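Here's a quick look at one helix and a few charged pairs. Have the chain open as you read.

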Amino acid sequence: MSFTASALNQKESQWKQIQSSLKQKLSLSSSFRKPITHIAGLDISFSKVAENGALASLVVLDYRSLAVVYKSFHSLTLTEPYIAGYLAFREVDSLCLLWREMREKIERGELVNDGLQEEPQVALIDGNGIHHMRGFGLACHFGVLMDVPSIGVAKSLLCLDGLTHEKVKELQEGLKKGGDHALLKGKSGTEWSALLKGSDKGKNCVFVSPGHRVDMNDSVRIVAHCCKFKNPEPVRQADLLSREEIRVMDRELAKQKGGE
């Protein structure tokens, strides 16, 4: 799907206003109404067959055992353009849809057998929280819309405020074991995120930043608790399960196209 330069400029202007308005509701203080018993992970995988096709996933894990107790998917066609700094406007609606569906099932008592009598106390999002050029990434956007404590977990560095790959590499070398972390502070003095080593094995780290209703310290603590490998289990499972599901969808679609 293509957009004219004029249409892109108009969308960016509209999205900037919406983003700014939502940001006014952002809270970076931890406000868990109850102790954490369940934690959610949300992600989106992309089709290799369907043009602009994607699959949003929501998984819920028991916080203590990190076992998956609930999963849900939503297939979609991406209709909005990608504009740097506005990823949420392509993805957040599908994530919110999955959360609302789960919330309604819990309210109707349909997930009692899964151990879900109330919605997860926190959500991990595959993407950035406040580590964003305007301090309002996908995890913030989702958290504010759903009024849910949320944390962004990104796999790569968003360079801003003087943060560079060289600086990250230097900090990463000082992280020796799982749970070790280093705060990423820009030239402005702003603490954008934390570089977290998820496990003793491997060199790569993730970038953890508060989304909504969670502070930096709790964000790091919660994500570190959820790590068996590089990526925290809620996000890792959301990614794995959505990739598995979309591969099945792609195979079926490929068969249909082959039979045309």
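## A pair along α6

Lys255 sits at 59% relative accessibility, so it counts as exposed, the cut-off being over 50%. In this predicted model, its salt-bridge partner is Glu252, with the closest N and O atoms 3.9 Å apart. Glu252 comes in at 40% relative accessibility and so counts as partly exposed. Both belong to helix α6 (residues 233-258), and because they are three residues apart, about one helical turn separates them.

A search of the whole structure turns up 11 salt bridges. One of them joins Arg103 to Glu119, with 2.7 Å between the closest N and O atoms. That pair ties together distant parts of the chain: Arg103 is in helix α2, Glu119 is in the loop between α2 and β4, and 16 residues separate them. Arg103 is partly exposed at 23%, and Glu119 is partly exposed with a relative accessible area of 23%.

Then there's Lys155 with Asp126, where the closest N and O atoms are 3.0 Å apart. Lys155 is partly exposed, at 37%.

## Helix α2 itself

Back to the helix that carries Arg103. α2 (residues 88-107) has 20 residues and spans 27 Å from first C-alpha to last, close to the expected 28 Å. Its buried residues include Phe89, Val92, Leu95, Trp99, Met102 and Ile106. The buried residues of α2 pack against α1, β1, β2, β3, β4 and α3. After α2 comes Gly109, with a positive phi near 80 degrees.

Notes: Residues numbered from 1 in each chain as written. Predicted model: local features only at pLDDT ≥ 70, side-chain atom pairs only at ≥ 80, totals over all residues. Heavy atoms only, no water. Helix = DSSP H or I, 4+ residues; strand = E, 2+ residues; numbered from the N terminus. Expected span 1.5 Å × (residues − 1). Buried < 20%, exposed > 50% of the residue type's maximum accessible area, 1.4 Å probe, protein only. Contact = heavy atoms within 4.5 Å. Salt bridge = Lys/Arg side-chain N within 4 Å of Asp/Glu carboxyl O.
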